[in-house]
Each structure stands twice: as C-alpha cells, then as structure tokens.
Amino acid sequence: MTEALLMGLRTREGVDLDRIAGIGNHRVQSPVNHRAVRTLAAEGLVTLTGSRLAATEPGMPALNAILAALAAD
C-alpha cells in the first residue's frame, strides 16, 4: 500500500485512495492521514478529487515531505 502511494503520487494522475486501501491482506479505512491531506491541499501541494489524490506541480519538489505527512498519524 505504501509503495502504491509512493509511486502513484509521482504521476500526474495520482492515486485512487479507495483502490489502494484494499491492497494487501487487510483493508484499511484510509491509507493516508486526512488532516494532512486537508492541510497540504490548502497549501496548494496536493489535490483531492473524490478519492483521487494527486500532487500538484508545486508539490512535486516536496514529494518526500508530502509522503511523510500523509503517513503520519
């Protein structure tokens, strides 16, 4: 699941959070910290449309920090 998030955010299309929540042996409620998603979206670093999360152009250089924030509890 982490690998799918990591690789998917490096693409223009981003990732479908509902799809990657079901990867692996146990389905999780959410593969990301939604508070962090809201903060990052307000800063213009990511977009969330439905269940599709994508890094914006300004967010691409900060992708490592974005991924760390999304994984934090």
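Helix H4 gives the largest pocket its largest share of lining, 4 residues. H4 covers 63-71, and along with helix H1 (2-8) it is one of the helices that each put at least two residues into that lining. Bear in mind as you look around that this is a predicted model.

So what does the pocket itself look like? About 200 Å³ of space lies inside. There are 14 lining residues, and the ones closest to the pocket's centre are Leu-5, Pro-31, Val-32, Leu-70 and Ala-71. Sort the lining by class and you get 10 nonpolar, 3 polar and 1 charged residues.

Now turn to the largest nonpolar core, where a couple of those names come back. The core has 17 residues, and Leu-5, Leu-9, Leu-53 and Leu-70 are the members that touch the most others. Helix H2 (17-21), helix H3 (34-42), strand E3 (52-55) and H4 each contribute at least two residues to this core. Here, too, H4 supplies the largest share, 4 residues. As a general point, nonpolar side chains in soluble globular proteins tend to be buried together.

Setting aside its neighbours within four places in sequence, Leu-53 makes contact with Leu-9, Glu-13, Gly-14, Val-15, Leu-17, Val-32, Val-37, Val-46, Thr-47, Leu-48 and Leu-70.

Follow the chain on from E3 and you reach Thr-56, which sits in the loop between E3 and H4. Is Thr-56 buried or exposed? Its relative accessible area is 17%, so Thr-56 counts as buried. Not counting residues up to four places away in sequence, Thr-56 touches Gly-44, Leu-45, Val-46 and Thr-47.

Asn-64 counts as exposed because its relative accessibility is 57%, and the cut-off is over 50%. Asn-64 is 58 residues away from Leu-6 in sequence, yet their C-alpha atoms are 8.8 Å apart in space.

Finally, a word on confidence. The protein has a mean pLDDT of 88, with 90% of its residues at 70 or more. Among its elements, strand E2 (residues 46-49) has the highest mean, 96, while H1 has the lowest, 85.

Definitions and conventions. Residues are numbered from 1 along each chain as its sequence is written. This is a predicted model: local features need pLDDT of at least 70, side-chain atom pairs count only at pLDDT 80 or more; totals for chains, interfaces and linings use all residues. Side-chain values use heavy atoms; hydrogens and water are left out. On a 1 Å grid over the protein atoms alone, a cavity is a set of points where a 1.4 Å probe fits but cannot get out, and a pocket is an open set with protein on both sides within 12 Å along at least five of seven lines; lining residues have an atom within 4 Å of a point. Grid points are joined across faces, edges and corners, and a volume is the space filled by probe spheres set on the points. Ala, Val, Leu, Ile, Met, Phe, Trp, Tyr, Cys and Pro count as nonpolar, Asp, Glu, Lys and Arg as charged, and the others, Gly among them, as polar. A nonpolar core is a set of buried Ala, Val, Leu, Ile, Met, Phe, Trp, Tyr and Cys residues joined through side-chain atoms within 4.5 Å. Buried means under 20% relative accessible area, exposed over 50%, partly exposed in between (1.4 Å probe, protein chains only). Contact means heavy atoms within 4.5 Å. pLDDT is the predictor's confidence in each residue, from 0 to 100.
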